Each structure stands twice: as structure tokens, then as C-alpha cells.
Amino acid sequence: MLAKVHSGAVYGVDAYAVEIEVNTGRGDPQTVIVGLPDAAVKESKDRVNTAILNSGFEMPKDRLTINLAPADIKKEGPVFDLPIAIGVLATMGDIPMEALDRFSLVGELALSGEVRRARGVLPITMAMREKKRPAILVPYDNADEAAVVEGIDVYPVKNLREAADIVAGRIAANPYLVDVAKVFETHLIYEEDFADVKGQEHAKRAIEVAVAGGHNLLMIGPPGTGKTMLAKRVPSILPLMALEEALETTKIHSIAGALPPRQALVTRRPFRSPHHTVSDAGLLGGGTHPMPGEVSLAHRGVLFMDELPEFHRNVLEVLRQPLEDGTVTISRASASLTFPCEFMLVAAMNPCPCGYYGDSKHNCRCTPLQIQNYRNKISGPLLDRIDIHIEAPSVRYQELASIGTGEPSAVIRARVLAARAVQQERFKGLRKVRCNAGMRVKELHKHCQLKPDAQAQLKMAITELNFSARAYDRILKVARTIADLANSADIQSDHVFEAIQYRNLDRQFWI
């Protein structure tokens with residue numbers, strides 16, 4: 001007897017439909033799985049057999065053949081346990097064959113018959129909706145993320161017995177519903193707020209400019225000046241996520257297994273802070289079966305790299321392509337996968353190996369050669385992609401002891417949103433340009449025309465301050481953002497002057 005069960009599998013950040021054929025026939029009493037299964041899929045026969053017996057059902061006494069179609073794509077992971085078990089029960093007559101057409105299924109089985117949470121349930125649910133499947137059974141812990149997909153009924157199940165009863169129609173179950181608007185409302189409050197930060201007004205202004213224009217940022221300062229504290233508060237002034245952005249980000253977290261149980265969506269901008277010992281595969285993604293890395297988990301959010309020169313040189317160099325393209329491609333012999341990674345890079349570093357070069361409170365113990373070698377760990381091509389680099393000096397006692405609080409994040413975000421609205425109107429119709437940081441040469445020439453006094457200011461920076469040619473475009477982009485924050489259609493000389501202040505490395509900060 002042949003049963004056909006519908007399921008899905010993840011490929012990159014998307015999913016595709018998988019038809020599971022379960023056939024019982026004459027032959028030795030063994031279970032064979034075909035269709036390019038990996039080791040985890042091959043082992044599912046033992047999990048399924050035990051789960052069926054422990055759930056009070058009987059296993060077939062004949063040969064059991066299971067085919068996963070399409071057969072030319074490698075199947076990975078334990079997500080096929082539940083649909084395989086339901087197919088086996090259908091061949092035994094425990095579930096009517098006609099009932100299988102209505103449901104898609106995904107989930108891992110424990111030996112007890114419990115249905116465990118699985119990776120990639122959100123993209124699989126979206127794929128089943130595109131295939132016009134009317135309903136899907138998912139693990140109970142994945143119900144919230146699946147239920148945000150409109151146009152398909154989602155039924156969470158806790159064990160194999162419950163799943164079989166729902167498919168067979170022996171129990172009446174209502175589709176699981178999630179109020180998406182309420183999900184967004186419950187995640188609007190950030191624990192970290194700029195009101196907690198005392199002092200560092202110059203750094204806070206630079207962060208506001210960076211967020212308003214989508215610019216990457218590097219903070220340089222001695223230990224204990226609040227660089228990490230400032231970085232952690234950057235998501236609190238980023239624009240709130242739209243539903244489309246939340247779905248795109250949640251898909252990545254679901255595939256990577258980074259989505260907490262019972263969480264429907266990633267509604268806050270991600271903040272990822274990998275340790276400086278991270279490998280290039282951990283940062284970009286990879287592995288035998290390529291998974292998203294830190295840059296993709298930071299998609300639509302912030303990637304914070306503390307102690308930037310302490311990262312391995314090859315790790316820093318592989319950042320260049322993701323920063324430029326907003327995507328990362330992982331090539332293997334079997335496939336080439338592309339993951340999105342549009343993020344804002346916020347980095348922090350000490351001015352020298354000991355951390356106290358230029359600090360009025362401590363003496364630096366480093367030689368000029370050590371300082372230069374420390375700086376050279378960050379290559380010029382990587383610095384090319386960081387628009388703003390500023391100094392974060394030590395905070396004075398008067399600022400630390402002050403009773404008042406700083407400007408709250410909500411107020412700063414309002415100014416950021418106003419500047420972003422101007423940019424959205426400016427770049428309407430351009431698919432790859434969302435904000436000023438993404439302007440190409442054509443957009444620079446069109447939107448960054450300077451008045452004579454502003455041109456003179458920039459000429460002085462290039463000639464007298466010995467700025468490099470690569471700084472020219474960055475200053476224009478940042479000046480355009482500063483003008484947007486000031487609600488100015490033209491870039492004024494004071495906007496250019498402020499943008500020049502955000503190029504510490506080009507002003508030979510350590511020399």
C-alpha cells in the first residue's frame with residue numbers, strides 16, 4: 001500500500017516542497033529510505049519505529065520503502081520524522097489516505113512520540129502556502145512562527161498520537177492564530193536607552209548621524225569609556241521593523257535555530273556581537289551543510305565588533321564583500337547558497353595595544369612601531385567601507401556624577417525617522433539604494449552638489465589635512481545625512497565641516 005505525505009525542506013533562506021512516499025510490500029521486514037537522505041534522515045527510521053510503538057500503534061511487518069522527492073536534492077535534518085510516521089500509519093490503515101491531501105507536516109520525533117521543535121518552520125510554512133496547501137501540522141514550540149503566515153491553517157501538535165488524530169479527523173482542532181500587531185507592540189520597549197549614557201556627546205551625535213544615513217561606524221578610545229555601552233543602544237534608535245523586514249529576519253533566525261521557542265517574529269532589530277576569536281565560517285556562515293553566520297543573523301540590525309584589531313586578519317578581510325553587496329555567498333561542491341546580510345557595522349577599538357595612547361589620565365607604554373602595527377591590522381579596503389570613525393575619550397568625573405540623564409532614545413529616533421523619510425523619498429524607485437550610505441557615484445553627483453563655501457571647506461580637507469581620495473565620497477555621504485538631519489535641501493559648509501570631524505583615521509589619529 002502506498003501513502004503520499006506532503007512536507008518541506010530548507011534550501012538557503014527559502015524552502016521547497018518535499019513529497020514523502022511510503023510504501024509497504026513484500027520482502028524482508030526492513031525500512032529503506034531513498035531520495036538522497038543524509039545521516040540524520042537515515043536515522044529517522046529508528047526514531048520513527050520506536051515513536052510509533054511507544055504511541056500505541058503497530059509497525060508494518062513487511063518491507064517498508066520511503067522515498068523523498070525530488071530525489072536529486074540532498075535531504076538534511078530530522079524534520080521529516082513526523083511526516084514519515086504519518087505515512088507509515090496511513091499504510092497501516094490508522095489514517096484514511098484521502099485525509100493526507102489536506103495537510104503538510106514537519107517535525108522531529110522523540111522516541112516517546114513527542115514532537116520536538118524544528119529549524120526552518122517559517123520558510124517551510126511559507127513554501128506550503130505558495131503550493132496552495134490548506135493546512136500544516138508543526139511542533140508546538142514552532143506554532144507562533146508558523147502562524148504569522150496568512151493563508152494557511154496552522155495546527156500545533158505535541159505528540160504523534162495527537163498529530164494522527166488531527167489528520168484522521170478523530171478530534172476537532174481549531175487553527176492556531178497569532179495577533180501580529182500585538183506581537184510588535186510587546187517588543188517595542190528596549191531595555192538599553194541612550195538616557196543612561198552620561199557624557200560622550202560627540203560620540204552620541206556621531207551615532208545619530210550614522211544611524212540616520214545607514215553609515216558604518218568605528219569608535220576609538222581607551223578602555224572603560226563606554227564604547228560597548230553606546231553600541232548596545234544603537235538598535236534603540238533604529239527605525240522600527242516593518243512586517244516584511246521582520247519576516248525576512250525571522251526566516252534567517254529560524255533556519256539557524258536561533259529563534260527562541262514560542263516566539264512568533266524577530267520584531268526588534270538584531271544586535272549581534274561575536275567574540276574576536278570567531279572564525280570566518282562563524283562570521284559569514286558555512287559548515288558541511290551551510291548555515292547562516294553572524295553577518296546574516298545581524299540582517300536588518302547591527303553587527304558589533306568589539307576590539308576590532310583582535311579579530312583574525314582573514315576574518316576582517318572576508319567582511320568586505322558582505323559590507324559591499326549586502327549578501328554573502330557560500331560555495332560548496334554540492335551547491336552554492338546566498339544569504340542576505342544588510343547590517344550596520346559598529347566597531348570599537350583601543351588606540352594602541354595597551355589602550356592608553358592619547359589618554360590624559362594614563363601613560364601609554366607602547367612604542368610608535370607597536371602603535372603603527374596595531375593600526376595596520378585593519379586594512380585600507382576595510383576602512384574604505386566604514387564612513388565614520390570617531391574618538392571616544394575618557395568621561396570626566398563631573399559628567400559621571402551628574403544627576404540628570406541624557407537624551408532618551410525615543411527623541412533621537414524621531415529625528416532619525418525624519419531623516420530616513422527624506423531619503424526614502426529621494427531614492428524612490430531605486431531597488432538597491434535605501435539610504436545615503438548606499439549611494440553610488442551617479443547618486444552622489446546628483447544629490448551631493450556643494451555650494452562654493454562648502455566646496456572650499458572640502459578642498460581644504462583633501463589638500464591641507466592630507467585626506468586620502470577614498471575619504472572624499474565618504475565625507476559627501478555623511479554631509480548629505482547631516483543636512484537631512486537639519487532638514488536642509490542643500491549641503492552647507494557647516495555640514496561638511498562636521499563630516500570632516502568624523503574621519504579621525506584619515507587625519508592620522510595616531511601619528
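# Reading labels off the model

Student: Why is R440 called partly exposed?

Tutor: R440 has a relative accessibility of 42%. Buried means under 20% relative accessible area, exposed means over 50%, and partly exposed is in between (1.4 Å probe, protein chains only). The 42% falls in between, so R440 counts as partly exposed.

Student: What kind of model is this, and which residues count?

Tutor: The model is predicted: local features need pLDDT of at least 70, side-chain atom pairs need pLDDT 80 or more, and totals for chains, interfaces and linings use all residues. Numbering runs from 1 along each chain as its sequence is written, and side-chain values use heavy atoms, without hydrogens or water.

Student: What makes E443 and R440 a salt bridge?

Tutor: Their closest N and O atoms are 3.1 Å apart. The rule asks for a side-chain nitrogen of Lys or Arg within 4 Å of a carboxyl oxygen of Asp or Glu, so the pair qualifies.

Student: Are R434 and E342 buried, exposed or in between?

Tutor: R434 has a relative accessible area of 45%, so it is partly exposed. E342 is at 32% and also counts as partly exposed.

Student: Which parts of the chain does the salt bridge of R426 and D484 link?

Tutor: Those side chains meet at 2.7 Å, N to O. R426 is in helix α18, D484 in helix α21 (residues 470-485), and 58 residues separate them. Both are buried.

Student: Which residues form a salt-bridge network?

Tutor: R205, E208, E407, R415 and E498 are linked in one. E498 is among the buried residues of helix α22 (residues 493-501), along with H495, V496, A499 and I500. Their cover includes α8 (201-213), α20 (452-463) and α21.

Student: How do you know that R413 has no salt bridge?

Tutor: The nearest side chain of opposite charge is D193, 7.0 Å away. Lys and Arg count as positive, Asp and Glu as negative, and His and the chain ends are not counted. The 7.0 Å is not within the cut-off, so R413 has no salt bridge, yet it is buried. R413 lies in helix α18 (residues 409-426). Beyond neighbours within four places in sequence, R413 is in contact (heavy atoms within 4.5 Å) with Y190, S236, I237, L238 and L240.

Student: Why is α4 called oblique to α10?

Tutor: Helix α4 (residues 121-130) and helix α10 (residues 243-256) pack at about 120°, with axes 7 Å apart. Under 35 degrees is roughly parallel, over 145 roughly antiparallel, 65 to 115 roughly perpendicular, and the rest oblique. The angle falls in the rest, so α4 is oblique to α10. The contact uses V121, L122, P123 and M126 of α4 and L247, T250, K251, S254 and I255 of α10. By class, six are nonpolar, two polar and one charged.

Student: What makes α4 largely enclosed by the rest of the structure?

Tutor: Eight of its 10 residues are buried, so α4 is largely enclosed. They are V121, L122, P123, I124, T125, M126, A127 and M128. Covering elements include β1 (2-11), β2 (14-25), β5 (103-105), β8 (135-139), α5 (143-147) and α10. Just after α4, K132 takes a positive phi of about 65°.

Student: Why are α8 and α21 called roughly perpendicular?

Tutor: Their axes come within 9 Å and cross at roughly 95°. That angle lies in the 65 to 115 range, so α8 and α21 are roughly perpendicular. The contact is made by R205, E208, V209, A212 and G213 of α8 and V478, T481, I482 and L485 of α21. Five of these residues are nonpolar, two polar and two charged.

Student: What is the overall picture of the chain?

Tutor: The chain has 22 helices and 18 strands. Of its 511 residues, 53% count as buried. The C-alpha trace spans about 90 × 50 × 45 Å along its principal axes. Among contacts with a separation of 6 or more, 74% come from residues 24 or more positions apart.

How values were computed. Axes are lines fitted to C-alpha atoms, for helices over the stretch in contact, and angles run from 0 to 180 degrees between N-to-C directions. Helices (H or I, at least four residues) and strands (E, at least two) are DSSP runs, numbered from the N terminus. Ala, Val, Leu, Ile, Met, Phe, Trp, Tyr, Cys and Pro count as nonpolar, Asp, Glu, Lys and Arg as charged, and the others, Gly among them, as polar.
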